[in-house]
Amino acid sequence: MLALVVLVLGLGLGNLARVVRALYYLTYLPDLPMAASWTYLAAVGGVWCVGFLVCVVGLVRVEPWARWATLAAVTLYQGHVWVNHLVLDANERARQLWPCEAVATLGLLVFVWGALNWPDVRKEFEAG
């Protein structure tokens, strides 16, 4: 369970770093031609950061809603990542990384779904 909390916290903090980086680049490289704007990247990172951090608080407090919220957040996040790949990846090099990223996505989803559907973990959240 600790590994799951650390993983979801890492996803949240990673998106916070994405917000900071996007705002930094928005300030110093505002006219850089891109497939998505810095504002979009900062906003999306902020939404996912808040969502994951709420899930972390719920997981730590063993709130009954936290299990399903985490499953939904991680799954939707990965769906969003792949929509961004399909729409925003601008060159062949980015597309060459898709198989590796698909394996990482699958591994993340198997770990999160497996951990949160483990019988003892399920009972703990249902009893909460």
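**Helix packing and aromatic contacts in the predicted model**

The protein has six helices and zero strands, where helices (H or I, at least four residues) and strands (E, at least two) are DSSP runs numbered from the N terminus, and the pattern read along the sequence is α-α-α-α-α-α. The model is predicted, and local features need pLDDT of at least 70, side-chain atom pairs count only at pLDDT 80 or more, and totals for chains, interfaces and linings use all residues. Residues are numbered from 1 along each chain as its sequence is written, and side-chain values use heavy atoms, with hydrogens and water left out. The C-alpha trace of the protein spans about 55 × 30 × 20 Å along its principal axes. Of the 128 residues in the protein, 29% are buried, with buried meaning under 20% relative accessible area, exposed over 50%, and partly exposed in between (1.4 Å probe, protein chains only).

Helix H1 (residues 2–28) packs with helix H2 (residues 38–60) at an angle of about 155 degrees, and their axes are 8 Å apart; axes are lines fitted to C-alpha atoms, for helices over the stretch in contact, and angles run from 0 to 180 degrees between N-to-C directions. H1 and H2 are therefore roughly antiparallel to each other, given that angles under 35 degrees count as roughly parallel, over 145 as roughly antiparallel, 65 to 115 as roughly perpendicular and the rest as oblique. By class, 22 nonpolar, five polar and one charged residues make up the contact of H1 with H2, where Ala, Val, Leu, Ile, Met, Phe, Trp, Tyr, Cys and Pro count as nonpolar, Asp, Glu, Lys and Arg as charged, and the others, Gly among them, as polar. The axes of H1 and H5 come within 10 Å and cross at roughly 135 degrees, and H1 and H5 are therefore oblique to each other.

Aromatic pairs were assigned to rings of Phe, Tyr and Trp (its six-membered ring) with centres within 6.5 Å, planes under 30 degrees apart counting as stacked, over 60 as edge-to-face and the rest as tilted. By this rule the count comes to eight aromatic pairs. Trp68 is partly exposed, with a relative accessible area of 48%, and Trp113 is partly exposed at 34%. Arg67 lies over the face of Trp68, at 4.8 Å from the ring centre, under the criterion that NZ of Lys or CZ of Arg is within 6 Å of the ring centre and within 35 degrees of the ring normal. Ring pairs also link Tyr24, Tyr25, Tyr28 and Trp38 into a cluster.

Two loop residues were also examined. Val62, in the loop between H2 and H3, has a positive phi of about 55 degrees although it is not a glycine. Most residues other than glycine have a negative phi. Asp89, in the loop between H3 and helix H4 (92–96), counts as buried at 17% relative accessibility. Asp89 and Ala35 are 54 residues apart in sequence and 7.9 Å apart in space, C-alpha to C-alpha.
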